[in-house]
Amino acid sequence: MGKKVTVVGAGFYGSTTAQRLAEYDIFDTVVLTDIIEGKPEGLALDLNQSRPIEGYETKVVGVTTGSGGEGYEAIEGSHIVIITAGLPRKPGMSRMDLLEVNAKIVRQVAENVAKFAPQAVVVVVSNPLDEMTALTQMATGFPRERVMGQAGVLDTARFTHFVAEELGVPVRSVKTLTLGSHGDTMVPVPSQCTVDGRPLADVLPADRIEALVTRTRNGGAEVVALLKTGSAYYAPSAAAARMARAIAEDSGAVIPACAWVDGEFGISGVYLGVEAELGARGVRRVVETPLTEAELADLRQAAEAVRAKQADVAAL
Ligand SMILES: NC(=O)c1ccc[n+]([C@@H]2O[C@H](COP(=O)([O-])OP(=O)(O)OC[C@H]3O[C@@H](n4cnc5c(N)ncnc54)[C@H](O)[C@@H]3O)[C@@H](O)[C@H]2O)c1
């Protein structure tokens with residue numbers, strides 16, 4: 001107890017993340033903020049009223065914030081800040097279509113986080129993910145290990161779900177891994193994927209694995225096309241909450257995350273989806289997962305693709 005976590009943005013992603021964090025019952029306070037007056041306060045009241053039923057003590061505090069930083073005093077002392085503010089995709093949109101509009105939002109949020117919660121570890125989820133993570137680090141000026149993005153936990157969970165469905169086995173029998181970036185440059189790592197300890201390649205033909213990889217890569221768009229009014233939030237919020245938990249508990253859990261890579265895999269100077277050991281100060285270290293030559297080549301290619309885009313965000 002004694003820990004405080006803030007979720008910026010009380011939309012679908014932010015409100016479900018706040019709910020999951022509160023239900024963990026490991027935080028004193030979950031602060032939920034938004035620019036829409038009354039929305040975070042209303043959701044916080046609703047979440048607090050579920051405490052006697054769900055049996056948790058964590059208090060949720062809802063705060064409306066202004067563009068000049070009004071209301072941000074409420075995040076003071078936060079150990080972790082999760083940034084979900086920004087527009088989600090509509091059917092037919094790519095994550096990159098959100099770049100300019102979300103960069104303005106995320107920059108403004110990040111500057112206020114730096115001012116009011118200068119010691120926080122920041123988990124970014126706003127899209128396009130890799131670029132918004134890089135932008136948040138620049139705008140906060142925080143050490144790179146204290147800023148990370150959420151994508152890999154979600155992509156990995158989607159891949160695991162699809163494999164389990166295909167084979168009719170429990171999800172707990174399946175272990176998968178995706179690295180690289182969130183989107184077209186996602187790098188599946190079949191050599192690390194197993195079903196009840198057996199290599200995935202031994203239990204599924206190559207063309208079926210490829211089909212599931214493609215479905216995973218398009219996993220967000222598939223949900224967007226069905227919902228028509230927004231993007232996924234149950235699995236995404238579970239992913240961000242799980243990262244926050246590892247940070248809050250200083251657990252050292254090894255989790256796929258968008259983290260600053262500086263020399264690992266022969267790649268330097270870029271935010272990229274890799275396995276990272278998470279603790280109270282953020283990324284303790286990037287784990288150099290053993291990769292085949294082909295997987296390593298794909299990861300390096302993904303790094304170059306995102307490097308160019310991340311350099312551009314400084315100008316936004
Ligand atoms: N990283 C991932 O894996 C992943 C997965 C799903 C969604 N996302 C992204 O997460 C973001 C949020 O998605 P959502 O479904 O919650 O959208 P949403 O539209 O339901 O909610 C976004 C919220 O952000 C708020 N907001 C806008 N500007 C703000 C500001 N300056 N400060 C505080 N709040 C502000 C809006 O008022 C709104 O309530 C989107 O960019 C989406 O693309 C990422």
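Two strands pair if DSSP finds at least two bridges between them. In this predicted model, 2 bridges join β7 to strand β10, residues 194-195. The two strands run antiparallel. Within this pairing, Lys175 stands opposite Thr194 in β10. Both strands belong to an open sheet of 3 strands, with the order β7-β10-β11. The pairing in this sheet is antiparallel. β7 (174-175) and β11 (198-199) stand at the edges. Each has a single partner strand, so one side of each is left without a neighbour in the sheet. Strands of a sheet pair through backbone hydrogen bonds, either parallel or antiparallel.

The ligand was examined next. The space it takes is the largest pocket. A shell of 29 residues surrounds the ligand. The closest are Tyr13, Asp34, Lys39, Leu87 and Val125. By class, this shell has 16 nonpolar, 11 polar and 2 charged residues. Two helices, α1 (12-24) and α4 (99-116), each supply at least two residues of the shell. The largest share comes from α4, with 4 residues.

For His182, the distance from a ligand oxygen to an N or O atom of the side chain is 3.1 Å. For Asn102, a ligand oxygen lies 3.4 Å from an N or O atom in the side chain. Taken alone, the ligand exposes 860 Å². The protein buries 91% of that area.

Two loops carry backbone features of note. The peptide bond from Asn127 to Pro128 is cis. Its omega is near -5°. Pro128 is placed in the loop between β5 (121-124) and α5 (129-140). Lys228 lies in the loop between α9 (219-227) and α10 (234-248).

The open sheet keeps the order β7-β10-β11.

Technical notes
Residues numbered from 1 in each chain as written. Predicted model: local features only at pLDDT ≥ 70, side-chain atom pairs only at ≥ 80, totals over all residues. Heavy atoms only, no water. Near = heavy atom within 4 Å. Polar contact = N/O pair within 3.5 Å; in protein donor to acceptor, adjacent residues only side chain to side chain. Areas by Shrake-Rupley, 256 points an atom, 1.4 Å probe, with all protein chains shown as cover. 1 Å grid on protein atoms, 1.4 Å probe; cavity = no way out; pocket = protein on both sides within 12 Å on 5 of 7 lines; lining within 4 Å. Sits in = over half its atoms within 2 Å of the grid points. Nonpolar A, V, L, I, M, F, W, Y, C, P; charged D, E, K, R; others polar.
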